[in-house]
Amino acid sequence: MKAVCISCGNQKTEPYKQCSRCGFRPTDDVSIAKSIVLSSRFRKRQTDEPPSKDELKAAARLIEAGDQYPFDERDVRRVLDEKAIALQPLSSAAKWQLGRFFALLFAVPIIATCIWLFRKFLN
Ligand SMILES: [Zn+2]
């Protein structure tokens with residue numbers, strides 16, 4: 001087992017996949033974060049290790065029994081924060097710097113040429 005459906009407790013291969021039993025597919029950030037918490041992708045705060053198979057099975061049994069899994073808000077928040085970082089488009093700041101670098105690379109010879117032409121026409 002790699003992930004647990006947070007809606008029915010079924011086993012899934014990936015936390016963000018659609019459940020083959022109940023059809024639930026996490027689409028909003030919180031559902032995705034909760035699905036990741038109940039998967040082997042998650043790293044626990046205390047140990048930095050994924051939840052054990054037994055822990056995932058216990059969570060699955062709880063959800064299958066119709067109970068709410070007691071998600072730790074801090075775990076969900078942590079996944080949301082990490083996800084926000086991971087989902088940031090490959091940093092617009094980095095693109096800016098790259099753009100500035102090339103602008104400078106081209107600007108220097110162009111300006112130098114302009115100055116050279118300007119002086120040539122003055123003489
Ligand atoms: Zn399900």
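1. Two residues are taken to be in contact if their C-beta atoms, placed from the backbone, lie within 7 Å. On that basis Val37 touches Phe42, Phe71, Asp75, Val76 and Val79, with residues up to four places away in sequence left out of the count. The model under discussion is a predicted one, and the points below should be read with that in mind.

2. On overall architecture, the protein has four helices and two strands, and from the N terminus on these elements follow the order β-β-α-α-α-α. The radius of gyration is 26 Å, well over the 14 Å that the globule rule gives for 123 residues, so the protein is more spread out than a compact globule. The C-alpha trace spans about 90 × 30 × 20 Å along its principal axes, and buried residues make up 18% of the 123 residues.

3. On domains, the protein is divided into domain 1, covering 3-87, and domain 2, covering 90-123. The centres of domain 1 and domain 2, taken over C-alpha atoms, are separated by 51 Å. Among the contacts in the protein with a separation of 6 or more, 49% are accounted for by residues 24 or more positions apart.

4. On the core, the largest nonpolar core holds 14 residues, of which Val4, Ile36, Val37, Leu38, Leu56, Ala59 and Val79 touch the most other members. At least two residues of this core are supplied by each of strand 1 (3-4), helix 1 (29-37) and helix 2 (53-64). As a general remark, nonpolar side chains tend to be buried together in soluble globular proteins.

5. On helix 2, this element has twelve residues and reaches 16 Å from its first C-alpha to its last, close to the 16 Å expected at 1.5 Å a residue. Leu56, Ala59 and Ala60 are its buried residues; seen down the helix axis, the buried residues fall within an arc of 100°, so they line one face of helix 2. Strand 1 and strand 2 (11-12) are included in what covers those buried residues, whereas Asp54 and Arg61, on the other side of helix 2, are exposed. Helix 2 is followed by Gly66, whose phi is positive, near 95°.

6. On Lys53, this residue lies in helix 2 and counts as exposed because it has 11 C-beta neighbours inside 10 Å, the cut-off for an exposed residue being 12 or fewer. Lys53 and Ser40 are 13 residues apart in sequence, and their C-alpha atoms are 8.4 Å apart in space.

7. Asp48 is placed in the loop between helix 1 and helix 2, and with 7 other C-beta atoms within 10 Å it is exposed.

8. On Asp75, this residue lies in helix 3 (residues 73-87) and is partly exposed, with 18 other C-beta atoms within 10 Å; a buried residue would need 20 or more. Leaving aside neighbours within four places in sequence, Asp75 is in contact with Val37 and Arg45. Asp75 and Arg45 are 30 residues apart in sequence but 7.3 Å apart in space, C-alpha to C-alpha. The contact with Val37 returns to the opening point, where Asp75 is among the residues that Val37 touches, and Val37 is itself one of the core members that touch the most others.

Note on methods: Residues are numbered from 1 along each chain as its sequence is written. This is a predicted model: local features need pLDDT of at least 70, side-chain atom pairs count only at pLDDT 80 or more; totals for chains, interfaces and linings use all residues. Domain bounds come from an automatic or database domain assignment. A nonpolar core is a set of buried Ala, Val, Leu, Ile, Met, Phe, Trp, Tyr and Cys residues joined through C-beta atoms within 7 Å. The radius of gyration is taken over C-alpha atoms; the globule rule is 2.2 Å times the number of residues to the power 0.38. The expected span of a helix is 1.5 Å times one less than its number of residues. The arc is that of the directions from the helix axis to the C-beta atoms.
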